[in-house]
Amino acid sequence: MSLIQLYDTTLRDGTQAEDVSFLVADKIRIAEQLDELGIHYIEGGWPGSNPKDISFFKEIKKARLKQVKIAAFGSTRRARSTPEKDANIRTLIQAEPDTVTIFGKTWDFHVHEALRISLEENLELINDSLAYLKQHVGEVVYDAEHFFDGYKANPEYALKTLKAAEEAGVDCIVLCDTNGGTLPYEIPPIMEKVRAEIGTALGIHAHNDSECAVANSLMAVQCGAVHVQGTINGFGERCGNANLCSIIPALKLKLQHDCVTDEQLANLRTVSRTIYEMANMIPRKHQPYVGNSAFAHKGGVHVSAIQRHPETYEHIRPELVGNVTRVLVSDLSGRSNILAKAEQFNINLDSKDPVTQEILENIKDLENKGFQFEGAEASFELLMRRALGTMRHFFSVIGFRVIDSKRHEDEKPQSEATVQVKVGGRIEHTAAEGNGPVNALDNALRKALGNFYPQLREVKLFDYKVRVLPAGKGTSSVTRVLIESGDKETRWGTVGVSDNIIDASYQALIDSFLYKLIRDYRAEG
């Protein structure tokens, strides 16, 4: 079957969702994850709209991406201007992306009411904006905004807008269901008309306001679309965008289209969970393919059947997307996941080894207390090494104290941490200040341990997220802290949980330092 281009807009359209926001560092890490997943295009943002997106396009050039193309998003030129004088068009070119995607008006209602120009003027600004970009950028994609609503209202004019884009020489024309109101049965007859008039490669961009974004995207592919836009976990404005975590396995496993490799597909759940954590959101348990409950079975006939033949109650093998069959009443639940992780970390673990069961029970206990190891795989590896007795002892923390003081009402609080660590027979007692109590504790631990392990000075704390877990009551609730650390080579995540936010942060910080030491000593042989 044909290659379907996967175009991810989590970093642009996805961030328009309520409660979703990413720092530039978050966006870089997500882009790296999407590259590993095999996504073909990443829409990094709208460089003409805010400083954060401008910064992203500068920083992404430093990332070690394997194959993905970075796309910048914008709009056609403004009315009563020219492309070369339009600030938005100039900023798109200055960002130096691999691809530029711009949207234009397809619905005559929007031309009259939003742009307040004539229908003919709209065709001109679509054509000359795209033609100008094609002279300055290697690849140009055109998003026909509100195409399906526009076609239903005025099919002749909607098709004229596509022809204006095609005559400009664009590489792909994307049909957008911007309001998310189109139903799957409407896609085939409209796309048949489009394909009869337009020879340029077609794409689909669907929103989920009618709960049909995934279905509409797949239907469009069946009708000839070769380019699919969406977001991880369906993040997006209002009810969200088409969910690539459902589209990708459907394309590959059910429609047999070439889009990602088997190995990349098996990383789908990990990418989904990591991006949930980076958005500081609770993963949707019942999400198809990648959710915890997607392949969960609870007692009775179902359990008996899947133990003999999983296909009796599972539409695909969960391992294909990095998930696992869960028998909710059985201690077998999760064992295969542990073994897979052990293999990933080069840890010898046998399914019949009693330690495997010990690790499983430990994980269940920790998850019950609020721990979450997706996005914190460094902590997960340390947990397995401790259970196997292969964890090298590098240091002990005898104790620590953190003081936050505010001397005057109009001054910022001052934070200071004191720590005592023991390495071998030597005790180091140090103090450090910081921008907040966690930063002070981080600085003090680094200062004390750096005398023994200079490589810890290379470790940088890239991100720090706190989530209040629902089991508690108000300010006495349990908190989970997720820390992303890294050095010049790589990044890793660690987790801590406690009813004391400083203690939870301490747990995650200690795991971060231990993981760095284990990784470095393992590399030395």
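The protein chain has a mean pLDDT of 89, and 91% of its residues reach 70 or more; pLDDT is the predictor's confidence in each residue, from 0 to 100. This is a predicted model, in which local features need pLDDT of at least 70 and side-chain atom pairs count only at pLDDT 80 or more, while totals for chains, interfaces and linings use all residues. Residues are numbered from 1 along each chain as its sequence is written, and side-chain values use heavy atoms, with hydrogens and water left out.

**Exercise 1. Confidence**

Task: State over which residues pLDDT stays under 50, and how many contacts beyond four places in sequence the model has for them.

Solution. Step 1: The stretch is residues 329–333. Step 2: The model has 11 contacts beyond four places in sequence for this stretch, a contact being heavy atoms within 4.5 Å. Step 3: Where pLDDT is low, the predicted coordinates should not be read in detail.

**Exercise 2. Helix α12**

Task: Determine how many residues of helix α12 are buried, and what covers them.

Solution. Step 1: Helices (H or I, at least four residues) and strands (E, at least two) are DSSP runs, numbered from the N terminus. Step 2: Buried means under 20% relative accessible area, exposed over 50%, and partly exposed in between (1.4 Å probe, protein chains only). Step 3: Helix α12 spans residues 268–278, and because 10 of its 11 residues are buried, the helix is largely enclosed by the rest of the structure. Step 4: Among the buried residues are R269, R273, E277 and M278. Step 5: The cover over the buried residues of α12 includes α1, α10 (244–254), α11 (262–265), β14 and β15. Step 6: Just after α12, N280 takes a positive phi of about 60 degrees.

**Exercise 3. The cavities**

Task: Describe the cavities of 30 Å³ or more and their linings.

Solution. Step 1: On a 1 Å grid over the protein atoms alone, a cavity is a set of points where a 1.4 Å probe fits but cannot get out, and a pocket is an open set with protein on both sides within 12 Å along at least five of seven lines; lining residues have an atom within 4 Å of a point. Grid points are joined across faces, edges and corners, and a volume is the space filled by probe spheres set on the points. Step 2: The structure holds 2 such cavities. Step 3: The largest cavity has about 50 Å³ of space, and its lining includes D26, R29, M278, K465 and L482. Step 4: β15 gives the most to this lining, with 3 residues. Step 5: The second largest cavity has about 30 Å³; E277, N280, K465, V466, R467, R480 and L482 line it. Step 6: Here the largest share, 3 residues, comes from β14. Step 7: By class, the lining of the largest cavity has 3 nonpolar, 1 polar and 5 charged residues, and that of the second largest cavity has 2 nonpolar, 1 polar and 4 charged. Ala, Val, Leu, Ile, Met, Phe, Trp, Tyr, Cys and Pro count as nonpolar, Asp, Glu, Lys and Arg as charged, and the others, Gly among them, as polar.

**Exercise 4. A buried aspartate**

Task: Decide whether D511 is buried or exposed, and name what D511 touches.

Solution. Step 1: D511 is found in helix α18 (residues 501–523). Step 2: D511 counts as buried because its relative accessibility is 10%. Step 3: Not counting residues up to four places away in sequence, D511 touches S379, L382, R386, T494 and V495.
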